[in-house]
Amino acid sequence: MMAPINHCRPVSDAELPDAAAALLADGFRLALVAAHDDDDSLRVVYLFLAGRPDRRCELTLTIPAQRPSIPSLARLSFQAGRFEREMQDLYGITPLDHPQPRRLIRHAHWPQDWHPMRNDAGPAPDFVAAGRFPFLNVEGAGVYEIPVGPVHAGLIEPGHFRFSVVGESVLRLKARLWFVHRGIERLFAGRSAVGAVELAERISGDTSAGHALAHSLAVEEALGVELPDPAHRLRALLVELERLYNHVADLGALANDVGFGLANAHAQRAREQLLRINAQTTGDRLLRKAIRPGGVVLQALPDPNRLQALADDVAEIAELTLGHSVIYDRFAGTSVLNRTDAEALGTLGYVARASGLVTDARLDHPITDLPVTEVTATAGDVLARYTVRRDEFAASVALCRTLIDGHHGPIDVRAQLPGPAGAGNGVGIVEGWRGSIVHRVETGADGTITRAKIVDPSWFNWPALPLAMTDTIVPDFPLTNKSFNLSYAGNDL
């Protein structure tokens, strides 16, 4: 594969807005913003990406460690504004002229002047008593609020949703996250660059392979390691297997949310078969321990005919589901995310593709040449998000069969990794089942990770959920939420 076109340059605070605006105008998107504490100064790295051809540009701004501030890019980019609020919470970096400079990650009980990603942060102090979170109140005749969460029934992770409604009609939905913030990025610091993959696998458990691959690619770029193409294709196979079991689970769950338990039972049966295939392929149902920096280790290749049989089953389940007129009517026109809003929010993955955006890291930032069948829709409703995932399941099985049939040679590939060879940095980009995952790592001269920045696609897609719920009804929330199926853990880190 042709190497990506990379551009990295330092900028001053005066140069940053114009440089960022020029990249955005040239078709780049802001994929990641990472702050770094270098003791006497702070660095902020802005990673911009564009695809077809693969282009990457990093802008680096260095600022004083005392009373640090940066010019806000929030008026240029909605995503930039959220990254800036994250840095303000974790590093104490003030975004000047930010239109909404309120806290994002730190809940009210976090001490005001404690910034946990700073080198001198020390252990967590006692958290303070907190009052009510300052939600914007929607007022008017007949308006009332419905609070949901953060504790939910079953296995759902914590998140708080506050509905402002008239009757059952939703006027405004506010989502409050970061109840499971674990300090993941801080936990990477000091770990061996070749031994931190187990942490990457646990960023979001249903995306173990995707995050392990993004992390491994970033580490390999930092260390100057190149793997042979067959290894990249085996890794791609594992990410596709991860896409399959997650997609089919949600196709069933969407049917279940409108009372069609029969389709859900058959979908969960297919999911279980796929998890067993995962275990036979890697020794782990969630595909852990197979992808690592410098290698990929499989126990066996999946049976392509077995995968095709499951694809036929899933196609029948989807046909049965959408053939039910009541279910079709519940899906169609519900919780529309139009293309303009999807693009402005920077949505990724099937959420973006269901709204007509063409985005896929397998083609935008290819690791190897893959015959990827692009799937899109235009309506941006629950039905579109369902059909995109249905069609992606079929396309993914076809891709798996091509990768399996075309593989020759070992299924255990382990490259020789260098010892400590000086500081470096690298970026890994992977199209996980939810969308594009981006990891950026920096390594020290001793071979340890000094900084890891992770961006799960849920970070970009969560703001789209409340927007899609505008002008819907409260009973549509479970259905809409499942059609997005965003990761709390992947967002909260």
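1. Helices are taken here as DSSP runs of H or I with at least four residues, numbered from the N terminus. The model under review is predicted.

2. The largest pocket holds about 910 Å³ of space. It is lined by 31 residues, of which Leu155, Ile156, Asp250, Lys482 and Asn485 are the closest to its centre.

3. Four helices each contribute at least two residues to the lining of the largest pocket: α6 (229-256), α7 (261-282), α16 (477-484) and α17 (488-492). The greatest share comes from α6, with six residues. Sorted by class, the lining comprises 15 nonpolar, nine polar and seven charged residues.

4. An unreviewed UniProt entry lists residues 263-413 as "domain: NADH-quinone oxidoreductase subunit D". Over this range the chain is 58% helix and 5% strand, with 40 Å between the end C-alpha atoms.

5. Strand β14 (residues 436-443) is mostly covered, eight of its eight residues being buried. In a regular strand, side chains alternate between the two faces of the sheet. In β14, Ser436, Val438, Arg440 and Glu442 point one way, while Ile437, His439, Val441 and Thr443 point the other way, and all are buried.

6. On one side of the pairing, β13 (residues 424-431) runs antiparallel to β14 and is joined to it by eight bridges; Glu431 has Ser436 as its bridge partner. The hairpin of β13 and β14 has four residues between the strands, and Gly435 takes a positive phi near 145°.

7. Strand β14 is also antiparallel to β15 (residues 449-455), with six bridges joining them. Here Thr443 has Ile449 as its bridge partner. Five residues lie between β14 and β15 in their hairpin, where Gly447 in the turn has a positive phi of about 85°.

Key:
Residues numbered from 1 in each chain as written. Predicted model: local features only at pLDDT ≥ 70, side-chain atom pairs only at ≥ 80, totals over all residues. Heavy atoms only, no water. 1 Å grid on protein atoms, 1.4 Å probe; cavity = no way out; pocket = protein on both sides within 12 Å on 5 of 7 lines; lining within 4 Å. Points joined across faces, edges and corners; volume = space filled by probe spheres on them. Nonpolar A, V, L, I, M, F, W, Y, C, P; charged D, E, K, R; others polar. UniProt positions renumbered as here; feature names shortened; annotations may be inferred. Buried < 20%, exposed > 50% of the residue type's maximum accessible area, 1.4 Å probe, protein only. Pairing = 2+ DSSP bridges.
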